Amino acid sequence: MPDKIRKIHKIESIRSLQPRATETQSIKKRVAAYARVSTDSEEQSGSYAAQVEFYTRYITDNPDWEFVSVYADEGMSGTNTRKREGFNRMVADAMDGKIDLILTKSISRFARNTVDTLTTVRKLKEKGIEVYFEKENIRTLDAKGEVMITIMSSLAQEESRSISENVRWGKRRSMEEGKFSLCYKHFLGYEKGEDGLPKIVEREARVIREIYQRFLDGKNASEIAAFLTNQGIPTPKGKAKWSPATVMGILQNEKYKGDALLQKTYTPDFLTKKQKKNHGEVAQYYIKNSHPAIIAPDTFDLVQQEIQRRRPNRRKLYKSSIFATKVVCEDCGGFYGRKVWHSNSEKYRKQVWRCNHKYEAANDTICKTPNLTEEEMKAAFVRAVNLYLAEKPKHIARLEQLIPILSDTKKLEQQAEASKSRHETLLDNLRAFMAENTRIIQDQATYNQKYAEMEAECIAAEKATKLFKHQVLEQLARKEQAYRSLLLLKRLHSSPVYFKEELWNGLVDTVTVTRKKQLIFHFRDKTELTVELPEKAEEPEE
């Protein structure tokens, strides 16, 4: 019975908008309706469908009204109208003279933002277009309409603020308890398990492992993206074409090693709902071993180390050669980079590699190391790696001895912990010193000098802590590289007679170019092999 009463009330309240029997109209009133629900849940979906069905039937059943449309937005927030396509289309049609009356359930369905509500209503009112809010029984063309709308929409906005703050509080409490969720629809490699935690989807996990392996094999993000696109593998959002940025996002996401960094972004304004990257404005939470890992932690850390190694020139992360950040100038210690000679001539155009700092004004001693072609570097590597593989058992033994040594980071970790503890103590002392200055009058010149000294100590201790942590990561990365080099060596059955990217990336740390036109190859087991370059006539720089 109560449901029937509510339905009758709804019909009666809207019926008041119909022309009375005594009124005469030569032209039908063009009527539209607006319906919205703010989430995609099943319950809300039912409400959405019911609104659309009710208004469609009600308007079309009225002989004095001409049905225009039911404009609707499903799963959209009401706090801002900018992203609501149905709403914006409705307003545009009304302003174009296609609508005379708009029916909507309530002010909160129309918008929870006072400014948006009043702006839209006033814009429509200027064109003689009426909006009827059923729940509040407000007609915007009435004299009292705008006063009532201002009051009611302000209440709706405050309700939205309260809901937003409650949701934010709930999320932070969940984070503090180590609970988190993923947008599984757009997250490759995991689905929601029965326990509510991420569960590995093996067919997708293979794609993630392929991305990490190819990056460690020397491929850049652009090459990996092109490979995935050509293989017909859909992106996390289901698109056909991969972008380098998507690949880099996967390579740097800690969730693939089984950890979770929470609150990477935050929403400063509940009205705009625009997210910002969190640079410490709000608390972050890091949960270790929160769910099953797709990528081994050592492999993940090695990838982060490799990203940092390539980062001096950002292009190396996205578009680069396998020789980038591996070929080093003996004179200045800088990397070799690819240059183009005779770039305006198709006939004489040529790519060479030379020290990136060779002709810098700040370089006191201009580098005398030679220019190289890729063909020369490949030929020199083939000679070096054949010499190296001739003594394969010796290098396997050296790697097997080296890996346990590199695995032991206990001393560095103790130094990092001691430095961290000292930093925290110095910070506590600095805070106490600052607090004392607020209670006791001191000579401010003396205070400022002492403060600067204490602050400098804090900064130095913080830098030392970061350095020790970096050294731990660097050593573990070298261990992982040595381990991969060992596996590669064990797989090889004979010396290669041609260049392979897998061998270049898997066996060699760096190559030093000397003034004597030599290439010194530094292998992962600490072996060094020198190859003489053939004499050639030096071409002039362009």
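**Helix packing and a buried valine**

Helices α8 and α9 are roughly perpendicular to each other (an angle of 65 to 115 degrees). In this predicted model, local features need pLDDT of at least 70, side-chain atom pairs count only at pLDDT 80 or more, and totals for chains, interfaces and linings use all residues. Residues are numbered from 1 along each chain as its sequence is written, and side-chain values use heavy atoms, without hydrogens and water.

Two packed helices are described by the angle between their axes and the distance between the axes. Here, the axes of α8 (residues 221–230) and α9 (residues 244–251) cross at roughly 105°. They come within 8 Å. Axes are lines fitted to C-alpha atoms over the stretch in contact, with angles from 0 to 180 degrees between N-to-C directions. Contact means heavy atoms within 4.5 Å. From α8, the contact uses A221, S222, I224, A225 and L228. From α9, P244, V247 and M248 take part. By class, 7 of these residues are nonpolar, 1 is polar and none is charged.

V385 lies in helix α12 (residues 374–389). Beyond residues up to four places away in sequence, V385 touches P496, L507 and F523. The C-alpha atoms of V385 and F521 are separated by 8.9 Å. Along the chain, V385 and F521 are 136 residues apart.

Across the protein, there are 16 helices (DSSP runs of H or I, at least four residues) and 17 strands (runs of E, at least two). Of the 542 residues, 42% are buried.

Note on methods:
Buried < 20%, exposed > 50% of the residue type's maximum accessible area, 1.4 Å probe, protein only. Parallel < 35°, antiparallel > 145°, perpendicular 65-115°, else oblique. Nonpolar A, V, L, I, M, F, W, Y, C, P; charged D, E, K, R; others polar.
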